[in-house]
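Trainee: Could we go through this model together, one question at a time? I'd like to see how each answer is reached.

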Amino acid sequence: MKKTPLLFLMILFINSCQAEDPSSIRYDMQGYIEDVRIDSEGAFINVLVNGQMINQEGPTMIDYGWATINQTTTIFLNNEEIEFYTFKPDTAITVLVKYDGAIMESYPVQGTAKIVSIKDN
């Protein structure tokens with residue numbers, strides 16, 4: 001009987017350690033990069049994502065906002081996880097953002113990105 005809780009904990013741990021499939025994530029914002037600002041020390045990057053005038057792949061709650069990208073942000077490029085991406089303003093590249101939970105209710109909104117998915121065709 002003592003093995004059951006241990007087995008449950010092991011399964012829970014293994015499931016939580018697996019990489020998230022970018023196609024199954026419910027993103028908060030989708031658009032193109034309109035502006036990029038880099039911290040003077042290079043610790044983080046702020047990108048302004050504009051999704052006001054584009055066709056959305058799926059419904060998102062936010063159409064215009066700043067996303068802070070730091071060391072804890074997971075970045076996908078064409079559904080493959082990458083370590084680094086050179087962000088630059090480009091209307092041809094689609095960016096999807098999932099915030100880490102807390103966003104400032106300003107316009108444009110501001111928050112830290114948990115996941116950024118870039119679709120560069």
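Trainee: Is Gly51 buried or exposed?

Mentor: First, a word on what we're looking at: this is a predicted model, where local features need pLDDT of at least 70, side-chain atom pairs count only at pLDDT 80 or more, and totals for chains, interfaces and linings use all residues. Residues are numbered from 1 along each chain as its sequence is written, and side-chain values use heavy atoms, with hydrogens and water left out. Buried means under 20% relative accessible area, exposed over 50%, and partly exposed in between, using a 1.4 Å probe and protein chains only. Gly51 has a relative accessibility of 5%, so the word for Gly51 is buried.

Trainee: And where is Gly51 found?

Mentor: Helices (H or I, at least four residues) and strands (E, at least two) are DSSP runs, numbered from the N terminus. Going by those, Gly51 sits in the loop between strand 2 and strand 3.

Trainee: How far apart are the C-alpha atoms of Gly51 and Asp63?

Mentor: Along the chain, Gly51 and Asp63 are 12 residues apart.

Trainee: Which residues of the largest nonpolar core touch the most other members?

Mentor: A nonpolar core is a set of buried Ala, Val, Leu, Ile, Met, Phe, Trp, Tyr and Cys residues joined through side-chain atoms within 4.5 Å. The largest one here has 20 residues, and those touching the most other members are Val47, Phe87 and Val97.

Trainee: Which elements give two or more residues to this core?

Mentor: Look along the strands for this one. The elements are strand 1 (29–38), strand 2 (45–50), strand 3 (64–69), strand 6 (90–104) and strand 7 (109–119).

Trainee: How is the pair of Tyr85 and Phe87 rings classed?

Mentor: Rings of Phe, Tyr and Trp (its six-membered ring) pair if their centres lie within 6.5 Å; planes under 30 degrees apart count as stacked, over 60 as edge-to-face and the rest as tilted. Tyr85 is buried at 13% relative accessible area, and Phe87 is buried at 9%. Their ring centres are 5.0 Å apart and the planes are at 75 degrees, so the pair is edge-to-face.

Trainee: What is phi of Asn79?

Mentor: Most residues other than glycine have a negative phi. Asn79 lies in the loop between strand 4 and strand 5 and is partly exposed, with a relative accessible area of 41%. Its phi is positive although Asn79 is a residue other than glycine, at near 70 degrees.

Trainee: And what is phi of Asn78?

Mentor: Asn78 is also in the loop between strand 4 and strand 5, and at 37% relative accessibility Asn78 counts as partly exposed. Asn78 isn't a glycine, yet its phi is positive, at about 50 degrees.
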